[in-house]
Amino acid sequence: MAHRGRESTTTQLMDHATRRTPVAVARTGQITHVWWACDDPADLALLASGLSVGQALIADGHQRHAACLQLSADAAGPGTSSLALLVDTVTSPLRLSAIHRLLPALEPEKAARKAAEVAGVLPLPGGPRPPEPGRSCCP
């Protein structure tokens, strides 16, 4: 989730959490990932007060959230809480970029016909255009 927080809240939480022993550390190539738990009641109260000044946008995982809401109807069920990553866009601005998936065996005409069975499909102006050599499929 993305949230435009108050810088003081994020700074305080990071300062408090990173004084503790990390829950996990993992290294991938040249990047080291460190995870800390934020479960101290004082930190959670600080987080709640920081979140109360605005809204959080579900940038990804909205289906998971909807399923959690449905499951939460059963108070004893697994949907009474859910894991989420909250990103403060003041201290960590989001970057939007394209995500491409290549399906080498995909037949475009067949895919368009199948998609048209469940959704509106419009042709590209000027017809389909494969990428030029050395370029990605999208600008």
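## Lys-114 and the salt bridges

Lys-114 is partly exposed, with a relative accessibility of 49%. In this predicted model, Lys-114 forms a salt bridge with Glu-117, and their closest N and O atoms are 3.9 Å apart. Glu-117 counts as exposed, at 58% relative accessibility. The count of salt bridges comes to three.

Another salt bridge joins the side chains of Asp-15 and Arg-19, at 2.8 Å from N to O. Asp-15 is partly exposed at 34% relative accessibility, while Arg-19 is exposed, with a relative accessible area of 66%. A further salt bridge links the side chains of Arg-20 and Asp-43, at 2.5 Å from N to O. Arg-20 belongs to the loop between H1 and E2 and Asp-43 to helix H2, so this pair ties together parts that are 23 residues apart in sequence. Arg-20 counts as partly exposed, at 29% relative accessibility; Asp-43 counts as buried, at 2%.

Helix H2 covers residues 41-51, and its buried residues are Asp-43, Leu-46 and Gly-50. Seen down the axis of H2, these buried residues fall within an arc of 60°, so they line one face of the helix. The N-terminal end of H2 is capped by Asp-40, which has a side-chain oxygen 3.0 Å from the backbone nitrogen of Ala-42.

Thr-9 lies in helix H1, residues 7-17. Thr-9 is buried, with a relative accessible area of 6%. Leaving aside neighbours within four places in sequence, Thr-9 is in contact with Leu-46 and Gly-50.

## Strands

Three strands form an open sheet with mixed pairing, in the order E4-E1-E5. Strand E4 (56-57) and strand E5 (87-88) are the edge strands, each pairing on one side only. Strand E1, residues 2-3, pairs with E4 in the antiparallel sense over two bridges. The bridge partner of His-3 in E4 is Ala-56.

Strands E2 and E3 (residues 31-35) also pair in the antiparallel sense, over five bridges. Val-25 has Val-34 as its bridge partner in E3. E2 and E3 form a hairpin with two residues between them, and Gly-29 in the turn has a positive phi of about 60°.

## Confidence

The mean pLDDT of the protein is 79, and 83% of the residues reach 70 or more.

How values were computed
Residues are numbered from 1 along each chain as its sequence is written. This is a predicted model: local features need pLDDT of at least 70, side-chain atom pairs count only at pLDDT 80 or more; totals for chains, interfaces and linings use all residues. Side-chain values use heavy atoms; hydrogens and water are left out. Two strands pair if DSSP finds at least two bridges between them. Helices (H or I, at least four residues) and strands (E, at least two) are DSSP runs, numbered from the N terminus. Buried means under 20% relative accessible area, exposed over 50%, partly exposed in between (1.4 Å probe, protein chains only). The arc is that of the directions from the helix axis to the C-beta atoms. A polar contact is a pair of N or O atoms within 3.5 Å; within protein, one must be able to donate a hydrogen and the other to accept it, and residues adjacent in sequence count only if both atoms are side-chain atoms. pLDDT is the predictor's confidence in each residue, from 0 to 100. Contact means heavy atoms within 4.5 Å. A salt bridge is a side-chain nitrogen of Lys or Arg within 4 Å of a carboxyl oxygen of Asp or Glu.
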